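Dear colleague,

Please find below the structure that I am handing over to you, together with its sequence. My findings are set out after it.

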Amino acid sequence: MKILYTNFHQGDGGGHTTYVMSLARMLRQRAQITVAAPRSSRLLAEADALPGVQSIDLEFKGRPFQQLTALRRLRALLRKEQFDVIHVNGSADHRLCMLATMGMGAKRPFIVLTQHTDRTANSLGVRMRAKWGTNRVICVCGHTFRRMKDSVFRDEDLRVVHNGVDTTQFRPASARDAEQARAALLPAAMRRRLVIGSNAGTASYKNWLDMVAAVSLLPDPLRDQVVVLIAGKEPDDGQRQRVAELGMTHQVVFTGLLEDVRPFLSALDVGFVLSSRLETISFACREMMAAGKPVIVSKVGGLTENVTDGRNGWVVPPGSVSSVFKTLVEILQNRSLVTQMGIDARNTAQREFSLAQFVGRTEEVYLERPTGARSQLRLTS
């Protein structure tokens with residue numbers, strides 16, 4: 001099978017990069033894999049370094065002339081390589097792939113879209129892509145599936161495939177590794193504190209400032225026991241100002257973007273993902289749980305499909321600083337909760353977040369393409 005993965009993100013790419021690379025690493029032994037992404041993207045750099053994977057730099061956004069050039073390049077690539085499957089991951093790459101495959105007839109590849117967010121899928125552009133550029137839609141959680149059933153995509157084309165993480169790579173750290181990670185990431189005075197952190201990024205909708213605000217409300221004896229550790233793009237000036245206004249500048253540590261988040265996870269006691277919108281299943285949440293960390297999550301998107309409140313983490317209403325505050329008080333007053341819930345988080349990850357299961361079920365979607373001939377997209381609604 002010949003598979004083309006596309007993604008429009010420049011720079012880090014977040015969970016999209018993790019998603020595509022997880023599939024590419026696992027499937028390259030039994031399929032011919034090509035990854036097309038912008039030249040400046042982390043995805044392209046990682047794909048280029050992966051033996052057995054072909055990488056193509058392609059800009060899916062830009063001015064009309066740039067888009068026309070990209071369309072011609074993509075169309076030539078499709079004609080040359082004769083892919084069986086094109087797996088798209090966003091609106092911009094989906095649109096370009098739809099245009100590039102028009103008129104290919106029986107040679108048209110089977111087009112699979114992964115819906116990574118819970119954005120409304122009913123705009124004119126989405127209608128066009130649903131009608132002329134999609135054979136199957138992978139929903140990364142039950143929440144996304146329910147949202148997509150109310151969209152312009154056909155119910156019979158929807159498939160649920162939960163994202164998986166490599167639980168052999170993401171695993172609980174030894175005491176020594178945890179100590180070394182804290183020494184590398186935290187000032188000496190903070191290394192014995194309760195480390196609460198997130199590798200979900202610093203976008204505004206991730207609501208990481210809710211955690212900072214909740215810690216700031218703790219009484220001094222409890223507040224002095226906590227440090228907040230954040231991995232991802234450096235916060236903007238407004239976010240830093242808000243941290244300062246909360247009096248938390250010296251209790252929040254930003255690591256910046258990390259090529260390998262495992263040492264970061266080793267340094268944590270408790271994780272959190274407090275998104276207010278757009279969130280689906282969250283690779284970050286699943287990575288933290290696989291590393292044996294209980295996670296505080298908001299009741300948004302598919303986050304509650306990961307965490308069972310009171311068993312392997314805590315569930316709070318979105319935007320509720322007071323609820324996060326109460327959870328922190330509970331944790332600080334009974335630190336033994338963290339150890340036991342961390343064990344349960346790890347067990348949940350091993351049981352439910354299998355990378356092999358994720359890749360296998362994705363491959364099953366690819367195998368739904370018609371045999372003996374290339375896929376034909378429906379031309380009527």
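This is a predicted model: local features need pLDDT of at least 70, side-chain atom pairs count only at pLDDT 80 or more; totals for chains, interfaces and linings use all residues.

Nonpolar cores

In soluble globular proteins, nonpolar side chains tend to be buried together. Here the largest nonpolar core comprises 61 residues, and Tyr5 and Ile33 have the most contacts inside it. Beyond its neighbours within four places in sequence, Ile33 is in contact with Ile3, Tyr5, Ala24, Leu27, Arg28, Gly52, Val53 and Gln54. There is also a second, separate core, made up of 31 residues, and Val243, Trp314, Val316 and Ile331 are among them.

Helix pairs

Two packed helices are described by the angle between their axes and the distance between the axes. Helix α4 takes part in both pairs reported here.

For α3 and α4, the axes come within 9 Å and cross at roughly 60 degrees. The crossing in which α3 passes α4 is right-handed. On the α3 side the contact is made by Gln67, Ala70, Leu71, Leu74, Arg75 and Leu78, and on the α4 side by Leu96, Cys97, Leu99, Ala100 and Thr101. Sorted by class, this contact of α3 with α4 has eight nonpolar, two polar and one charged residues.

For α4 (residues 91-101) and α5 (residues 124-132), the axes come within 10 Å and cross at roughly 50 degrees. These two helices, α4 and α5, are therefore also oblique to each other. In this pair the crossing, with α4 passing α5, is left-handed. Ser91, His94, Arg95 and Met98 of α4 meet Met128, Arg129 and Trp132 of α5. Sorted by class, the contact of α4 with α5 has three nonpolar, two polar and two charged residues.

Loop residues with positive phi

Which values of phi do Gln82 and Asn207 have? Gln82 has a phi near 55 degrees, which is positive although the residue is not glycine. Gln82 is located in the loop between α3 (64-81) and β4 (85-88). Its relative accessibility is 23%, so Gln82 counts as partly exposed.

Asn207, likewise a residue other than glycine, has a positive phi near 55 degrees. Asn207 sits in the loop between β8 (194-198) and α8 (208-216). With a relative accessibility of 13%, under the 20% cut-off, Asn207 therefore counts as buried.

With kind regards

Terms used
Residues are numbered from 1 along each chain as its sequence is written. Side-chain values use heavy atoms; hydrogens and water are left out. Helices (H or I, at least four residues) and strands (E, at least two) are DSSP runs, numbered from the N terminus. Buried means under 20% relative accessible area, exposed over 50%, partly exposed in between (1.4 Å probe, protein chains only). A nonpolar core is a set of buried Ala, Val, Leu, Ile, Met, Phe, Trp, Tyr and Cys residues joined through side-chain atoms within 4.5 Å. Contact means heavy atoms within 4.5 Å. Axes are lines fitted to C-alpha atoms, for helices over the stretch in contact, and angles run from 0 to 180 degrees between N-to-C directions. Angles under 35 degrees count as roughly parallel, over 145 as roughly antiparallel, 65 to 115 as roughly perpendicular and the rest as oblique. A crossing is left-handed if the near helix is turned anticlockwise from the far one by less than a right angle, and right-handed if clockwise. Ala, Val, Leu, Ile, Met, Phe, Trp, Tyr, Cys and Pro count as nonpolar, Asp, Glu, Lys and Arg as charged, and the others, Gly among them, as polar.
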